[in-house]
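Please look over the model shown here together with its sequence, before turning to the report on the ligand site and the confidence of the prediction.

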Amino acid sequence: MGEDLKSGSITRRDFINAGAACATTLAITETVSANLADSAPSQKTPPLSKPFLTPGKDFGDVSRGDPKPHKLTGDAQAKAKLTPDTWRLEITADPFVKEPHTKVPATLAKSLTIADGTALDFNQLLELGKKHEVHFLKAMQCLNIDSPLGQGLWTGVPLREVLKLCGRMNNVRRIYYWGFHNNDAKQVFKSSVTYTNAMETPPNELPVFLAYKLNGEAISPERGGPVRMIVPWSHGYKSIKWLQHIFVTNDPRNNDTYATGNNDPESFLKSAAYMDKSPDGKKFKVGEAVDISGTVISGPSGVKRVEYWVRKVGDKPPTLGDDSPELLQGPWIPCELQEQPDWNNILPEGINANKVLGFDKKTGKALSWPLRYSMCSYSATIKGLKEGQYEVRARSVDLNDFAQPEPRPTQKSGRNGIQVRRFEIT
Ligand SMILES: Nc1nc2c(c(=O)[nH]1)N[C@H]1C(S)=C(S)[C@@H](COP(=O)(O)O)O[C@H]1N2
Ligand SMILES: [Mo]
């Protein structure tokens with residue numbers, strides 16, 4: 001997480017707390033003596049720890065640039081083409097050729113450029129939307145931060161429809177895109193998808209798209225407006241803000257900005273449970289129930305359940321590895337998952353659930369729950385603990401029966417380590 005935190009751009013205290021809690025060291029003494037029957041998930045509806053759709057201003061922010069593009073106002077903002085009126089999108093082809101991997105260059109029948117007055121403007125994008133508009137719910141999650149940044153309903157036009165404006169493409173294997181970067185090459189934040197990713201969306205999968213709305217409203221400058229790329233299945237680094245340029249190439253190698261930070265540049269979201277801060281550091285009386293809660297993200301491997309493990313510890317227990325035998329043994333006890341909400345109360349006005357991708361067109365219900373690439377809450381009530389110091393952890397189990405963070409402990413493909421909270425019963 002170093003890189004992102006050092007940039008000083010993480011604004012929500014949660015992230016720092018979550019990180020600090022994981023780094024603290026404590027020592028194990030005893031396994032928990034709670035009666036398991038007492039610890040079964042409660043039947044009450046879990047409290048929603050956060051609103052289902054995160055208001056744009058409440059997302060955790062991860063933005064590079066000096067000045068950050070969303071801080072520009074007035075003339076500077078217009079000059080940067082970051083208002084709906086001034087926004088332009090260029091689409092060009094890379095002439096690059098280099099043996100052995102790139103024998104011929106990519107070509108487009110028609111480039112869209114500012115210089116020759118053909119760049120796409122905001123109204124033209126909205127016009128395309130009249131025919132091709134899509135809506136989708138997505139959890140925004142930074143590959144390097146072990147807490148979700150927020151969840152939104154994004155609306156826009158699939159990338160493939162925008163690319164069609166350029167006529168026939170030849171020898172295109174990757175599609176790069178980047179946003180405004182103060183005309184400073186060092187500040188470019190670029191990402192890419194493969195030609196297949198962009199053009200061929202399997203049934204029930206979600207297309208890469210150019211978003212112009214978040215939660216039914218214009219995308220704010222901070223969230224990457226006027227237009228932001230959204231890559232549904234991936235971490236935040238593929239969802240480029242302040243989008244202004246698309247660049248097709250026949251170089252098949254991944255050269256995303258995130259690849260230079262030792263990150264897996266083809267990562268997808270990890271199924272993972274993240275814990276709310278409470279009850280960390282709190283004291284409870286014997287007989288008092290301890291509530292835990294958090295959010296669980298569904299990556300492509302889905303979520304079968306979320307479960308928790310509580311254990312008694314001594315004063316200074318050492319850190320417990322995610323693969324340590326006592327952790328793997330548990331006992332892990334199922335948590336309660338938030339039920340599918342009444343979508344009429346959640347979605348912005350005028351957007352019916354049956355119009356949202358990933359939902360059944362007839363019933364308006366999510367085709368999977370939690371909906372793939374989005375998140376919902378979970379909770380559990382722990383009862384019957386005796387006096388002492390405790391640690392509680394939560395983890396997801398995916399549809400392949402892999403418990404978090406398996407099967408991929410490499411955290412540079414997406415931080416999903418098991419989180420811990422500590423409390424005392426007195
Ligand atoms: N142009 C641009 N796009 C960007 C970034 C950036 O710095 N510049 N950061 C990326 C990263 S690493 C993440 S995790 C997400 C964060 O999105 P958010 O700030 O809207 O939560 O935006 C991505 N898109
Ligand atoms: Mo990120």
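The report below covers conventions and confidence, and then the ligand site.

## Conventions and confidence

This is a predicted model, in which local features need pLDDT of at least 70 and side-chain atom pairs count only at pLDDT 80 or more, while totals for chains, interfaces and linings use all residues. Residues are numbered from 1 along each chain as written, chains are lettered from A and ligands numbered from 1 in written order, and side-chain values use heavy atoms, without hydrogens and water.

The chain has a mean pLDDT (the predictor's confidence in each residue, from 0 to 100) of 90, with 88% of its residues at 70 or more. Over residues 1–47, however, the pLDDT is below 50.

Among the polar contacts (pairs of N or O atoms within 3.5 Å), an N or O atom in the side chain of Lys241 is 2.6 Å from an oxygen atom of ligand 1. A backbone N or O atom of Val62 lies 3.0 Å from a ligand oxygen, and for the side chain of Asp61 the corresponding distance is 3.3 Å.

Terms used: Polar contact = N/O pair within 3.5 Å; in protein donor to acceptor, adjacent residues only side chain to side chain. Contact = heavy atoms within 4.5 Å.
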